[in-house]
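Dear colleague,

Please find below the structure that I am handing over to you. My findings follow directly after it.

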Amino acid sequence: MNAINDSLVIMKRQLLQLIRIPEVLIFSTIQPVMFVLLFRYVFGGSISTGIPGVDYVQLLMPGIFVQTVAFTLAGTAVGLAQDMEKGLIDRFRSMPISRSAVVVGRALGDGALNVVVLLVMGLAGFVVGWRPSSSIFSIVGGFAFLLLFGFSMSWIGVLIGLSVREARVANSAVFLTVFPLTFLSNAFAPTTGMPKALQYFAEWNPVSTMVAACRELFGLTNIFGVTADSLPAQQPILMSFLYMIALMVIFIPLSVRKYKSSTSR
Amino acid sequence: MKSVIARDLVKVYKVSSRTRSKGEKSAPKEVRALDGLSLDVEEGTVLSVLGPNGAGKTTLVRVLTTLLTPDSGEASVAGVDVIKHPDEVRKVIGLSGQYAAVDETLTGWDNLVMFARLYRMSSAAASARANELLEQFSLSDAARRPIKTYSGGMRRRLDLAASLIVKPKVLFLDEPTTGLDPRGRQEMWGVINSLVDSGVTLLLTTQYLEEADQLADEIAVVDHGKVIARGTSDQLKREVGGERLEIVVEHQHIPAVREIVARISPNVVIDEDLRRISAPVSTGTKALMEAVKALDDAGIHPLDLGLKRPSLDDVFLSLTGHVAESEEK
Ligand SMILES: Nc1ncnc2c1ncn2[C@@H]1O[C@H](COP(=O)(O)OP(=O)(O)OP(=O)(O)O)[C@@H](O)[C@H]1O
Ligand SMILES: [Mg+2]
């Protein structure tokens, strides 16, 4: 089908960019690896997991995985904003191509980049002592879940990129939304240390449900404070799934609509 | 048949107060980029839309290439309504915008193949077409280099090549030589002329009077979102006035030369500062030869002597009351 062909061409363009400037791929993998090392060795000693026999790195890795894929949307937003600046979106829009291809292709391309990034991070985690204790089936499921999360988050990036139309603005807009989300979560420290109100926010935060879901898939039990019997705490996998579907149901149509009417100035 | 028709196009931009200059408080302003603009282009001909910065040229091109919906008015390209059937229009047009719109990180070849694939060519056909276009636009040597390393002229040529992947019925070029040096401009003109020979209908915008003169069959002069004059470059020049005989001499000869010129044409104009005597003439080179003979008989050697046709600059000035390139933003 044409829409699929067009999306794949756009996605291929992005992968080609990675070959033409390998630095992008190198830095987008070095950064998360650096995070792994920093958290593992700088904070790792001082943060207690609260679970006997489980060291910090086991809790940390799912957190860092989720944070990294959540940031997919930064690449998406900045990339699209750049295409707007350069007038490339205008060219695409003046061509007889499927109306959703440019944005779908971008989201797929960013998703594909995550495969490499997660692989490298997983290896780095393994080197510093991460040992998922679940079945191989569950582990693969966990990574698939992460990829899907990255894909659904990048639709927020599509909307931001097409709306702000300037790469630098896109960058700050993204950091302002994603940083609070990843830190007001259970990704790096148990939420039990937070004030009560924040604990509620943190437990319902999609980043937290994703982290909890991944921990479960990688064979860990989650710990909760005041929110232990809330839905996200009880059913993190289901809840994350619902969040991802909600993200896509809301942002895909909005993004496609935005694309149809966007011009570079 | 008319390949492009625009009727009473109006487009108003709301300028947000975010863009206001420091300290000044101004309510959101409206800019009437197109203010009832109408024009048409006969199939197989070249129309140049000539206008200064901010005249509305880019806005017009965006409306005609389906990128922007006008507030009112109608437009059709190759017989298809731009507003009602944009998808059909996109199949038959090529657009090369004011700034090269290509992926800078990819090579020239990568870019052309990508666009060709988006026109649903097979991979073999796409790569053959890319090679053909690179050859045609003298970019074969740079084919495997990232666009980042291209000169301005090379970028514009690649951008143009990208708009010709599937031979368009109507081609839109928005200021194709702005920012190019004289050689780059000359090359671009060569490329455009050969396209025109191949029979494409072309609408091109420019702020350069010389460019309109060189490339276009007809010129539409646009200012403040309206067409203020329309015709061939000769017609426009005639509107301003015919040829003038101009003679520049040493100061002491001015009275004598005035006599001579007055015998050829009565309305003599003298510019003392420039030591220039001029008069409108209708007999062309005959008037010139008479003047030469008379000057020679009188033993006067002019510093400069010639027939001056009004330039498009003169046309522009007399139509708009301001000089073409100097309007403030
Ligand atoms: N997106 C926009 N928002 C607000 N105003 C705009 C926008 N685009 C153009 N304008 C304004 O509309 C008017 C016409 O702009 P347009 O770009 O069509 O002119 P142009 O003839 O292409 O000029 P140039 O020669 O500088 O490219 C200008 O006053 C411009 O400032
Ligand atoms: Mg313009």
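Predicted model: local features only at pLDDT ≥ 70, side-chain atom pairs only at ≥ 80, totals over all residues.

Two strands are taken as paired if DSSP finds at least two bridges between them.

Strand 9 (residues 218-223) of chain B runs antiparallel to strand 10 (residues 226-231) of chain B, and five bridges join them. Within this pair, B:V221 stands opposite B:A229 of strand 10. Two residues lie between the strands of the hairpin, and B:H224 there adopts a positive phi near 50 degrees.

Two further residues of chain B deserve a note on their backbone. B:D8 has a phi near 50 degrees, a positive value in a residue other than glycine. B:D8 belongs to strand 1 (residues 2-15) of chain B, and its relative accessibility of 47% makes B:D8 partly exposed. B:R275, also a residue other than glycine, has a positive phi near 55 degrees. B:R275 sits in the loop between strand 12 (269-271) and strand 13 (276-280) of chain B and is partly exposed, its relative accessible area being 28%.

As for chain B as a whole, it contains eleven helices and 14 strands. Its C-alpha atoms fill a box of roughly 75 × 50 × 45 Å along the principal axes. Of its 329 residues, 50% count as buried. Among the contacts in chain B with a separation of 6 or more, 68% are between residues 24 or more positions apart.

Chain B also supplies the protein donors of the magnesium ion (ligand 2), namely B:T58 through OG1 and B:Q98 through OE1, at 1.8 to 2.2 Å from the ion. B:T58 lies in helix 1 (residues 57-64) of chain B, whereas B:Q98 lies in the loop between strand 6 (93-96) and helix 3 (108-118) of chain B, so the pair ties together parts that are 40 residues apart in sequence. Both B:T58 and B:Q98 are buried.

How many of the 15 residues of helix 4 of chain A are buried? Eleven are, so the helix is largely enclosed by the rest of the structure. The buried residues include A:L73, A:A77, A:L80, A:D83 and A:M84. An α-helix has 3.6 residues a turn, so residues three or four places apart point the same way. The cover over the buried residues of helix 4 of chain A includes helix 1 (2-20), helix 3 (56-70), helix 5 (88-93), helix 6 (101-127), helix 7 (136-164) and helix 8 (167-183) of chain A. Just after helix 4 of chain A, A:G87 has a positive phi of about 85 degrees.

Finally, I turn to the interface. The contact involves 26 residues from chain A and 31 residues from chain B. About 2,600 Å² is buried between the two chains, with carbon and sulfur atoms giving 56% of that area. On the chain A side, A:R91, A:S94 and A:P96 lose the most area to chain B, together 25% of what that side buries. Five salt bridges are counted between chain A and chain B. One salt bridge is formed by A:D6 with B:R120, where the closest N and O atoms are 2.4 Å apart.

With kind regards

Conventions: Residues numbered from 1 in each chain as written. Chains lettered and ligands numbered in written order. Heavy atoms only, no water. Donors = N, O, S within 2.8 Å, 3.2 Å for Na, K, Ca; no water. Helix = DSSP H or I, 4+ residues; strand = E, 2+ residues; numbered from the N terminus. Buried < 20%, exposed > 50% of the residue type's maximum accessible area, 1.4 Å probe, protein only. Contact = heavy atoms within 4.5 Å. Buried area = accessible area lost by both parts, 1.4 Å probe. Salt bridge = Lys/Arg side-chain N within 4 Å of Asp/Glu carboxyl O.
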